[in-house]
Amino acid sequence: MKIITKSSVSLLGLCQKILLLGLFAIGFTSCNNKEETKEGASLEPLAYTLYTENSELFVEFKPLIVGETSKFAAHFTVLGENFKALTDAKITVSLIIADKGIKQSVDAPSSPGIFRLALNPKTAGTGTLVFDIQTKNFTNKITIENVIVYPDEKTALAKQPEHAESGDISYLKEQAWKVEFANQAIKKQTFNDVIKTSGQILSAPGDEIIVTAKASGVVVFSGKNTIVGSAVNAGNSLFTITGGDMTESNIDASVKDAKANYLKAKADYERSKLLVTDKIVSEKDHQQVKLQFDNARNAYNTVSKNYSSKGQNVLSPMSGFVKNVLVTEGQFVPSGTPLATISKNKKLLVQANVSQNYFSRLSSITSANFKTPQNEVVYNTAALNGRIVSYGKSASASTPFIPVTFEIDNAGQLVSGSIIEIYLKSSAIADALVVPVSALIEEQGIFYVYVQTGGESFQKREVKLGASDGLNVQVIEGISENERVVTKGGYQIKLSSASGALPAHGHEH
């Protein structure tokens, strides 16, 4: 059994006191450290992103405090087909509190698109920040309401919200300005249900004509007018049909024979006119001679039309271009043989081949978009002064498809015979959320878009798609109205987020 003496008790008490003092010291030090941490906290910058018809403002600045200068990094973007940095403008920022204000102006950016401004508030309270933009092309006023000016930094720190990680993708303005980049606010609109199919561009009736041989003989080309694609005017010579050394069906011999017959018939007719006057021949015989003369004259005029010593000229019946040549030089052709096709190429037919499953919807089709495999340009029948000509009422034995045909003006880039993708627009879809096809990013059959959540922050959203007309596509799930979706530059954001590297940021706070 262990015995505790008085001296050992005193020693134990002393140790306990030392331990308590140590714990107290640690606790005191810990409290002081917490207080120091709170006092050493820094103010997080504020950020706003606002739009006008012509421009976008993304501005960052530290909370406004009386007597302290707050620096503004104001990023100005000129909106358009591609968003670009504003490089030539005068920018004025004003802070207005209770009808009193301060302001500062700069006449040029510190770097393309970034204007450095600063304000030193004199009065605490809630005010309004106003950015005035003056350029050669437009003027804008952008207002930020309910901006708080704090009396001191301690108050600003106390009111500062907790910072939370959003997980958004960062893509700087300096990056976006260097590439093709754009975004747009998504609005509900009327869209059309779409039937996607294939089809062909055809020549319109009366817009194309086949040139044929008017006599039998050997084909001789008439220079550059017989080159496919060359422009021709009405009356231009395309071919010459010559007899050459042919012993049969010789145009030269035919013309000579026709001329001889015509001259003989003419002489007989002139003599008959004299004889019938003197009652030497009957009126009946005279009329027979006249008929032979008329027939001989018509035959000669027909074979000798456009005939020269070189042969019979084949002329273009209308202005246009040579679509194709159907014979080769030196080829013998019988009369009536097709020689070439001349096309005006002003009117075309767009013919869609529609599955029988959509027969009940054909009557609701009003217009169509289409594109050729050669490029990504999407044409619209309405924009080409197009109209629906007809839609089939039944399928034929040779094809299970029902034709739907539009007539359009040729914009100059379309070629008859081209195979095309067609998006037939039928019944209307009300209040549809629609994004351009260029906004879509596809990954293994799943589609995404990038939604701008702030000036330089983006979210990758999976979307469920509906109808597409080749230019725009309906989004059923994934985005909400008024959210801004990246329509150009989505792949650059994807590549930037995959690399994990950002350029040096020049913003000041």
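Which residues does Phe359 touch, not counting residues up to four places away in sequence?

## Phe359 and its surroundings

Phe359 touches Gly392, Lys393 and Ile402, with residues up to four places away in sequence not counted; contact means heavy atoms within 4.5 Å. This is a predicted model, in which local features need pLDDT of at least 70, side-chain atom pairs count only at pLDDT 80 or more, and totals for chains, interfaces and linings use all residues. Residues are numbered from 1 along each chain as its sequence is written, and side-chain values use heavy atoms, with hydrogens and water left out.

Phe359 lies in the loop between β23 (347-354) and β24 (367-371); strands are DSSP runs of E, at least two residues long, numbered from the N terminus. Because its relative accessibility is 38%, Phe359 counts as partly exposed (buried is under 20% relative accessible area, exposed over 50%, partly exposed in between, with a 1.4 Å probe and protein chains only). The C-alpha atoms of Phe359 and Lys393 are separated by 8.2 Å, although the two residues are 34 residues apart along the chain.

## Glu56 in strand β2

Glu56 belongs to strand β2 (residues 55-61). Glu56 counts as buried because its relative accessibility is 1%.

Leaving aside neighbours within four places in sequence, the residues in contact with Glu56 include His75, Phe76, Lys173 and Asn183. Tyr51 and Gln452 are also among the contacts of Glu56.

Note on methods:
Helix = DSSP H or I, 4+ residues; strand = E, 2+ residues; numbered from the N terminus.
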